[in-house]
Amino acid sequence: MSKSVLLIGGTGTLSSAVLQCALDEGYDLTIMNRGTNNSKIPRNVKIVIGNFYNQNELNEKFENKQYDVIVDFLSRIPSDIERTYGLFKDKCKQYIFISSACVYKRDKNDFPIKENSPKPNELWSYNKEKYQCEKRLMELSEGTKSYYTIVRPYITYNDERIPLGISPSYKYHKTIIERVKSGKPWFVWDDGKAITTLTYADDFAVGVVGLFLNDKAKNNDFHITSDFRYTQREVVELLFKKLGMPLNIISVSCHDLCNGLPEFKQMLIGDRALDAVFDNSKIKDAVPQLNFSVSLDKGLDKIIEYWTKSSALYDYQFEGRLDALLCKYDDQIKYIKYPNAFNNSYMLYLMYRYLPIKVANKLRKWI
């Protein structure tokens with residue numbers, strides 16, 4: 001009889017890869033989510049439609065349910081863990097919490113980062129909240145029938161997602177490809193010197209599924225990070241090369257970037273502007289079959305092929321705001337209509353390039 005697994009989530013970059021890997025390994029899969037993005041879920045996966053934040057609804061949906069493994073992709077703050085683990089602690093053998101490798105302090109004296117390296121990194125609220133979730137999970141698990149496993153991914157990408165750190169949401173990454181192909185510049189911050197570690201989602205999934213009911217995973221923690229390290233500039237340079245375009249890269253100061261795109265300020269200062277070098281020997285020991293096989297060179301080939309075949313979705317809101325930032329460095333940057341862009345793209349671009357964002361957001365509903 002196959003082992004049963006519940007994925008809390010199931011359609012994101014990480015969870016969709018874990019879902020497919022678990023199916024390939026013969027697990028009996030159920031996912032729980034809001035049901036807004038389930039059109040591509042395989043038919044042999046059971047779907048429970050539920051509100052992650054509604055305790056009473058979850059209690060009703062999962063009454064008398066039991067699973068071998070539950071993987072929680074959604075908990076973000078301690079109250080999420082309290083609600084979710086409180087419900088599922090006696091409904092599974094193993095509870096896997098997907099945290100983040102951003103929790104490490106990232107002191108260069110600790111490189112390469114190990115699981116026991118100092119935590120948390122207090123420069124970004126996300127880092128602190130994920131670490132608080134980890135600690136709360138460990139406290140709640142005492143005296144329960146299940147055991148916990150903490151998994152920390154770092155920057156993980158798939159065929160839809162170019163791993164650039166600061167960019168449009170991943171469903172709109174064709175914007176980046178057409179921007180580069182049109183001759184417009186892309187950017188790095190502080191000369192692009194920060195070292196990053198990039199992991200392809202399918203490789204990450206092998207690590208997660210390899211921890212299912214694994215004795216070495218009992219009440220233990222792992223970061224699942226690849227062997228592939230690059231500077232931010234190397235990532236951008238390789239993208240230009242893959243698209244056959246001459247380099248057109250602007251180095252933006254962190255100060256200007258935080259002023260121009262303030263919603264990325266904490267993420268930039270608390271993560272993307274810092275080096276990220278990991279020792280992944282612990283996960284390799286626990287999951288010997290894990291082989292990080294997809295380098296950025298292979299990954300970008302997959303991404304470009306995917307977006308070549310996919311319908312156009314462009315983020316002209318991001319385009320306008322980015323060009324407003326970059327025009328300080330290059331005053332020749334102009335609007336370009338990308339293939340099959342919507343007719344309102346020019347108006348959106350103008351609004352977000354030249355108007356305060358609050359004004360642009362109010363006007364957007366009228367176009």
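## Basis of the description

Helices (H or I, at least four residues) and strands (E, at least two) are DSSP runs, numbered from the N terminus. This is a predicted model, in which local features need pLDDT of at least 70 and side-chain atom pairs count only at pLDDT 80 or more, while totals for chains, interfaces and linings use all residues. Residues are numbered from 1 along each chain as its sequence is written, and side-chain values use heavy atoms, with hydrogens and water left out.

## Largest pocket

A pocket is an open set of points on a 1 Å grid over the protein atoms alone, where a 1.4 Å probe fits, with protein on both sides within 12 Å along at least five of seven lines; lining residues have an atom within 4 Å of a point.

At least two lining residues come from each of α1 (13-24), α4 (125-140), β7 (155-157) and α9 (265-272); α1 gives the most, with three.

## Second largest pocket

The second largest pocket has a volume of about 690 Å³. Of its 27 lining residues, T11, S16, K40, N158 and E160 are the closest to its centre. Helices α1, α6 (201-210) and α11 (296-309) each supply at least two residues of this lining, and α1 gives the most, with five.

Methods: Points joined across faces, edges and corners; volume = space filled by probe spheres on them.
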